[in-house]
Amino acid sequence: MALVPTTETDGAVFTEVDMGSSDSSSTVRATVVQASTIFYDTPATLDKAERLLAEAASFGSQLVVFPEAFIGGYPRGSNFGVTIGNRTLKGKEDFRKYHAAAINVPGPEFDRLAAMAGKYKVFLVMGVIERDGYTLYCTVLFFDNQGCYLGKHRKLMPTALERIIWGFRDGSNISVFDTPIGKIGAAICWENKMPLLRTSMYAKGIEIYCAPTADSRDVWQASMTHIALEGGCFVLSANQFCRRKDYPAPPEYVFSGTDEEELTPESVVCAGGSVIISPSGAVLAGPNYDGEALITADLDPGEIARAKFDFDVVGHYARPEVLSLIVRDEPTTPVSFTSDGSHK
């Protein structure tokens with residue numbers, strides 16, 4: 001299984017994988033997008049997303065996965081003016097602007113994403129910041145190649161300071177969608193470290209495991225390889241590649257914990273590391289730490305059966321009489337009304 005040499009196409013990296021003796025008619029061409037949000041400018045970010053999607057489609061990609069929070073933005077370095085017991089006026093204004101950049105599901109931006117998927121005939125997995133009233137969620141949206149909405153996954157557990165800006169979600173959004181190109185689902189960033197969440201997705205038969213992330217550390221690659229081997233699935237991890245200039249300049253936007261004077265507009269603040277890994281643990285494309293890129297590989301579905309022959313974590317390698325998992329996947333709501341609301 002040899003890598004075809006990487007070529008440059010209009011500044012985007014196209015890495016195709018030679019699947020050896022596999023029947024090319026059965027393979028799925030998949031692309032992970034490594035690119036930065038245009039922060040606080042959702043219309044411009046949607047324009048950028050369409051350009052990238054069009055380019056991936058021109059390579060013959062059937063599935064395109066974008067990074068965590070691509071639409072709406074990942075507020076790297078921001079603390080929103082929070083210390084224990086205090087929130088600053090600037091931090092509250094930062095949240096107002098961030099809230100304004102998020103999208104409603106459904107809504108106009110949602111409709112445009114659906115139209116893009118249909119226009120370019122690709123399955124689209126898109127990381128967004130979802131606005132639900134005045135609470136924000138880190139969400140992944142799924143669309144099929146006809147532009148039909150399949151569903152979403154909201155991040156169950158935001159990490160560290162993310163918890164001050166993003167809501168938590170219930171088990172009703174642990175979704176795996178059965179599509180003509182395979183069973184597709186997603187876990188976002190450090191959710192991928194939650195073994196029970198992974199197990200629930202394996203139990204739903206996931207075959208193409210999408211892992212949009214904001215983690216560009218080298219150790220992330222170990223997690224992605226482990227998940228591919230554990231789940232016997234393809235893993236597609238998409239991260240942003242960002243420079244300081246991709247965020248507003250100070251004092252509007254300040255990277256906390258760093259000396260802003262040491263950051264130049266070209267300073268890399270997120271180095272990417274997007275990667276595609278096979279069910280056998282082989283790296284098919286990436287990881288890329290060089291810049292914005294389209295990272296593409298051909299996925300051979302036969303790899304899944306070959307991997308599951310060795311290890312099927314919720315099948316022949318399970319011991320349910322010893323170890324089992326209960327997933328509470330009913331929707332929950334903080335307020336329920338017993339009437340039909342006609343008295344309002």
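1. Ile103 lies in the loop between α2 (89-101) and α3, where helices (H or I, at least four residues) and strands (E, at least two) are DSSP runs numbered from the N terminus. Ile103 is buried, with a relative accessible area of 0%; buried means under 20% relative accessible area, exposed over 50%, and partly exposed in between, with a 1.4 Å probe and protein chains only. Leaving aside neighbours within four places in sequence, Ile103 is in contact with Thr42, Ile71, Glu109, Leu113, Val128, Ile129, Glu130, Arg131 and Leu141, contact being heavy atoms within 4.5 Å. From Ile103 to Pro248, 145 residues away in sequence, the C-alpha to C-alpha distance is 20 Å.

2. On provenance, this is a predicted model, in which local features need pLDDT of at least 70 and side-chain atom pairs count only at pLDDT 80 or more, while totals for chains, interfaces and linings use all residues. Residues are numbered from 1 along each chain as its sequence is written, and side-chain values use heavy atoms, with hydrogens and water left out.

3. The loop that holds Ile103 also holds Pro106, and the peptide bond joining Val105 and Pro106 is cis, with omega about 0°. A further cis peptide bond joins Pro250 and Pro251, with omega about 5°, and Pro251 belongs to the loop between β14 and β15.

4. That loop, between β14 (241-243) and β15 (268-271), is also the place of Arg244, which is buried, with a relative accessible area of 5%. Beyond its neighbours within four places in sequence, the contacts of Arg244 include Pro250, Tyr253, Phe255, Glu260 and Val269. Val254, in the loop between β14 and β15 as well, is by contrast partly exposed, at a relative accessible area of 36%. With neighbours within four places in sequence left aside, Val254 is in contact with Gly77, Ser78 and Glu260.

5. Helix α1 (residues 42-58) packs with helix α3 (residues 108-120) at an angle of about 15°, their axes being 10 Å apart; axes are lines fitted to C-alpha atoms, for helices over the stretch in contact, and angles run from 0 to 180 degrees between N-to-C directions. The two helices are therefore roughly parallel to each other, a label for angles under 35 degrees, whereas those over 145 count as roughly antiparallel, 65 to 115 as roughly perpendicular and the rest as oblique. Among the residues that make the contact are Leu46, Ala49 and Leu53 of α1 and Leu113, Met116 and Tyr120 of α3.

6. In helix α4 (residues 195-203), the residues Leu197, Arg198, Ser200, Met201 and Tyr202 are buried, and the buried residues of α4 pack against β10 (176-179), β11 (182-186), β12 (208-210) and α5 (219-231). Just after α4, Gly205 takes a positive phi of about 80°.

7. Phe80, in the loop between β4 (63-65) and β5 (82-83), has a positive phi of about 50° and counts as buried at 7% relative accessibility. Lys121, in the loop between α3 and β7 (123-132), has a positive phi near 55° but counts as partly exposed at 49% relative accessibility.
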